[in-house]
Amino acid sequence: MHISVADARELAETFLIKSEMSETDAAIIADILLEAELRGRKTHGFIRLTGIKNRYEQDGRTEIQVDMEAGMCVRMDGGNQPGYLVAYRAMELAIERARRNGASIVGVYNTSHCGMAGYYVDMARKADVVGLLFADCLPRITPEGGTEALLGTNPIAVGIPSNTVPLLFDMSTAAITNGDLLVAMQDGIAIPEGLAFDTTGESTTNADAALKGSVRPFGGHKGFGLALVTQTLAGVLVNAATIPPPGTNYGLLIIVIDPTSFVPLAQFKTEVDRLIARVKENRRESGITEILIPGERAYRQRTVHLAEGIYLDDTLLSQLT
């Protein structure tokens with residue numbers, strides 16, 4: 001069923017407020033999930049609402065707070081609050097400090113899944129600073145050549161300001177994400193071969209079996225290397241769990257750089273534009289009509305969805321209402 005953006009936002013906020021979440025916090029989480037829907041990332045959209053609500057209704061949360069500072073580095077205790085709220089507030093702090101000091105590094109521990117990593121680095125891009133985010137989470141990825149889940153899906157995201165096309169890079173280090181598996185389960189479809197293992201270490205195309213088992217890193221040893229490095233930076237380095245149990249003590253490492261620490265902002269954005277233009281002018285392979293910049297497809301989809309609304313599966317819509 002198609003639903004307007006305004007109605008979708010109200011539905012998500014109301015659903016979260018029912019779990020005694022504050023209106024402010026509900027609005028932040030709803031906006032993050034709605035942005036995922038607008039950009040065509042349903043794996044990180046409203047399908048996550050029931051899980052967020054169920055986890056929020058559990059006890060054991062405390063206030064999000066800074067508990068250590070050293071120069072431009074800040075460590076935050078997420079208070080076991082939803083990762084969406086923690087990442088949002090950590091990025092706000094990182095942007096504010098980067099504007100004041102030229103750069104900032106914020107490490108976060110004691111939180112949970114933060115959803116679409118690109119949302120937070122886009123906050124930095126919109127503020128005319130460069131944002132990088134590394135996140136670790138529960139074990140899902142096997143080492144290259146292994147079959148047991150050991151590393152998180154461990155996304156890496158970068159947002160870079162420009163005057164033209166939004167330069168927004170957001171990737172998981174897994175061959176297939178948890179969200180993709182949840183959508184496949186919801187739709188009752190098989191996943192591609194060679195991406196996942198069941199609990200016995202056998203290759204599987206069943207999304208439920210893969211969710212209970214493990215998935216490969218993307219790109220073989222290169223994806224494995226990135227996942228391992230991310231787990232170190234967003235886990236070991238920031239006081240989060242080295243190998244987090246489900247939903248417990250995930251970590252984030254956020255780095256924000258003010259371009260004016262190196263060059264005038266106008267010069268930086270102009271040169272980024274020039275690089276983007278040069279990429280798009282590159283000689284194309286046969287059958288390719290256009291070269292897209294990371295984030296460009298999502299923003300085009302966003303424009304369409306803002307005008308036409310978003311589609312929500314009838315079962316999900318019924319569950320939320």
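**Exercise 1. Which residues of α1 and α2 meet, and how do the two helices cross?**

Start with the contact, counted when heavy atoms lie within 4.5 Å. From α1 you have Val 5, Ala 8, Arg 9, Ala 12, Glu 13, Leu 16 and Ile 17, and they meet Glu 23, Ala 26, Ala 27, Ile 29, Ala 30, Asp 31, Leu 34 and Leu 38 of α2. Sorted by class, that contact holds eleven nonpolar, no polar and four charged residues. (Ala, Val, Leu, Ile, Met, Phe, Trp, Tyr, Cys and Pro count as nonpolar, Asp, Glu, Lys and Arg as charged, and the others, Gly among them, as polar.)

Before going on, note that this is a predicted model, where local features need pLDDT of at least 70 and side-chain atom pairs count only at pLDDT 80 or more, while totals for chains, interfaces and linings use all residues. Residues are numbered from 1 along each chain as its sequence is written, and side-chain values use heavy atoms, with hydrogens and water left out.

Next, the geometry. Helix α1 spans residues 5-17 and helix α2 residues 23-38; their axes come within 8 Å and cross at roughly 135 degrees. Axes here are lines fitted to C-alpha atoms, for helices over the stretch in contact, and angles run from 0 to 180 degrees between N-to-C directions. Helices (H or I, at least four residues) and strands (E, at least two) are DSSP runs, numbered from the N terminus.

Now name the arrangement: α1 and α2 are therefore oblique to each other. The cut-offs are under 35 degrees for roughly parallel, over 145 for roughly antiparallel, 65 to 115 for roughly perpendicular, and oblique for the rest.

(Left-handed means the near helix is turned anticlockwise from the far one by less than a right angle, right-handed means clockwise.)

**Exercise 2. At what angle do α1 and α3 cross, and which residues make the contact?**

The axes of α1 and α3 come within 10 Å and cross at roughly 25 degrees. So α1 and α3 are roughly parallel to each other. Their crossing is right-handed. Ala 12, Phe 15 and Leu 16 of α1 touch Leu 49, Thr 50, Ile 52 and Lys 53 of α3. That makes five nonpolar, one polar and one charged.

**Exercise 3. How do α4 and α5 pack?**

Helix α4 (residues 83-101) packs on helix α5 (residues 117-126) at about 20 degrees, with the axes 10 Å apart. The pair is therefore roughly parallel. On the α4 side, look for Gly 83, Tyr 84, Ala 87, Tyr 88, Met 91, Glu 92 and Ile 95; on the α5 side, Tyr 119, Tyr 120, Val 121, Met 123 and Ala 124. The tally is ten nonpolar, one polar and one charged.

**Exercise 4. What lines the largest pocket, and which element gives the most?**

The largest pocket holds about 1200 Å³ of space. It is lined by 47 residues, with His 44, Arg 48, His 113, Gly 115 and Gly 179 nearest its centre. (On a 1 Å grid over the protein atoms alone, a pocket is an open set of points where a 1.4 Å probe fits, with protein on both sides within 12 Å along at least five of seven lines; lining residues have an atom within 4 Å of a point. Points are joined across faces, edges and corners, and volume is the space filled by probe spheres set on them.) By class, the lining has 23 nonpolar, 15 polar and nine charged residues. α6 gives the most, with five residues.
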